[in-house]
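Student: I'd like to learn how to read a few features off a fold. Can we go through them one at a time?

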Amino acid sequence: MNGIRMLDTSHGSLAVRDTGPGGFPVLMIHGNSSSGAIFRNQMSGALGRKFRLVAVDLPGHGDSANALVPERSYRMEGYAEAMTEALGLLGIERAGVFGWSLGGHIGLEMISRYEGLAGLMITGTPPVNGGTVGEGFVPSPHMALAGKETCTPEEIESYARHTCGEPFEPFLRDVVARTDGRARRLMFEAFVAGTGDDQEAIVARSRVPLAVVNGADEPFVNLAHVRRLPYANLWEGRSIEIAGSGHAPFWDAPSAFDPIFERFFSGLAPEREGEGKSAAA
C-alpha cells in the first residue's frame, strides 16, 4: 500500500490512502470520528492486492485538515460532495463504494452525485429519513456521543471501544480524540433536521446495486428496520448479517466479511479490471 498523500479540495486538504492502480477502484468511507486507517486489514491484505482500495479521511478527521467551511462540509451531503470531488481529482471515473456507519449514509448521498457509482455496500448504516431516525437506531449512551462537540477523555475511550469492538488498539482512541468536535455536532444537527436526501426513498428507487452487510450483534442499528425496508436492487435479495460481529465487521470479523466484500465488488468490475491487479500481484 502506498503512503498517505494529500489532496487539495474545496472542502480542505484531504488525506488519501491508496493501494495503487491495477484493480477495480473501491472508495472506502469511514465512520464518524474515525479515519481511513480503520480499513488497514483490507488495504494491506488480499483485497488490497485485488482491488484499488482508496480510503479518504473525511474533512476534520484523521490526517485530513479541518473543513474550510464547517457548515458546508460537516454534514452528510457535504461529505458526499467532498468524496465525489476527491474521486474526480484522482481521475477515477467509475468505482464501487463501501461505507461504514456514517460512511454508509455518505455513500447513499453519493448515488445522486457521483455518476460513476457502480455499486454500494453499506455496513452499520440504517437507511432513514427525518421521520424514521428513531426507528433506524437503537438508543445507547455511546450513540449520544456521536453528536457531542466536546468529549472527556473517558468518553473518547468509551466511544472508540464500543464503535469498533475487539481487538482494541490505541489508534482507535487517537482518531476519535483528533476529530474536529464541530464535525460531530454539525453533522448530527443537520442529520436530525433532515437536510440530506431521504435515504429510505433512495434505496426504494435506486437501481444502483446495493449490498447491506451488518454484524448480527450490531449495538447501534435496529436490524429489524433494515430488514423490512423495500429495496429496488438489493444484492442477493437479502440483508446479510455476520454472526458474532458488531458494528464494524470488517474490523472484528474480517475472515467472514472480506469474502462478502470480494464477491460483491468483483461482480461490479469489468473482467479485465477485476483480474488485472491479482494477476500482477
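Predicted model: local features only at pLDDT ≥ 70, side-chain atom pairs only at ≥ 80, totals over all residues.

Student: At what angle do helix H4 and helix H5 pack, and how far apart are their axes?

Tutor: The angle between H4 (residues 76-89) and H5 (residues 102-110) is about 70°, and their axes are 8 Å apart. Angles of 65 to 115 degrees count as roughly perpendicular, so that is the label for H4 and H5.

Student: Which residues make the contact?

Tutor: From H4 you have Met76, Glu77, Tyr79, Ala80, Met83, Thr84 and Leu87, and H5 brings Leu102, His105, Ile106, Glu109 and Met110. Sorted by type, the contact of H4 with H5 has eight nonpolar, two polar and two charged residues.

Student: Next, aromatics. What describes a pair of aromatic rings?

Tutor: Two things: the distance of the centres and the angle of the planes. This structure holds 15 aromatic pairs. Take Trp100 and Phe250: their centres are 5.1 Å apart with 75° between the planes, an edge-to-face pair.

Student: Where in the chain do Trp100 and Phe250 sit?

Tutor: Trp100 is in strand S5 (residues 95-100) and Phe250 in helix H13 (residues 249-252), so the pair links distant parts of the chain, 150 residues apart. Trp100 is buried at 2% relative accessible area, and Phe250 is buried too, at 0%.

Student: And how are the rings of Phe261 and Phe265 arranged?

Tutor: That pair is tilted, because the planes are at 50°, with the centres 4.5 Å apart. Phe261 and Phe265 are four residues apart in helix H14 (residues 254-268), which means about one helical turn between them. Phe261 has 0% relative accessibility and counts as buried; Phe265, also at 0%, is buried as well.

Student: Which residues form the aromatic cluster?

Tutor: Among them are Trp100, Phe250, Phe261 and Phe265, along with Phe39, Phe51 and Trp235.

Student: What about backbone angles: what do most residues and peptide bonds do?

Tutor: Most residues other than glycine have a negative phi, and most peptide bonds are trans. Here, a cis peptide bond joins Glu166 and Pro167, with omega about 0°. Pro167 is in the loop between helix H8 (153-164) and helix H9 (170-178).

Student: Which residues have a positive phi without being glycine?

Tutor: Ser101 is one, at about 60°, and Glu236 is another, near 60°. Ser101 lies in the loop between S5 and H5, while Glu236 is in the loop between helix H12 (223-228) and strand S8 (240-242).

Student: Are those two buried or exposed?

Tutor: Ser101 is buried, at 16% relative accessible area, whereas Glu236 is partly exposed, at 40%.

How values were computed
Residues numbered from 1 in each chain as written. Heavy atoms only, no water. Axes fitted to C-alpha atoms, helices over the stretch in contact; angles between N-to-C directions. Helix = DSSP H or I, 4+ residues; strand = E, 2+ residues; numbered from the N terminus. Parallel < 35°, antiparallel > 145°, perpendicular 65-115°, else oblique. Contact = heavy atoms within 4.5 Å. Nonpolar A, V, L, I, M, F, W, Y, C, P; charged D, E, K, R; others polar. Phe/Tyr/Trp six-rings, centres within 6.5 Å; stacked < 30°, edge-to-face > 60°. Buried < 20%, exposed > 50% of the residue type's maximum accessible area, 1.4 Å probe, protein only.
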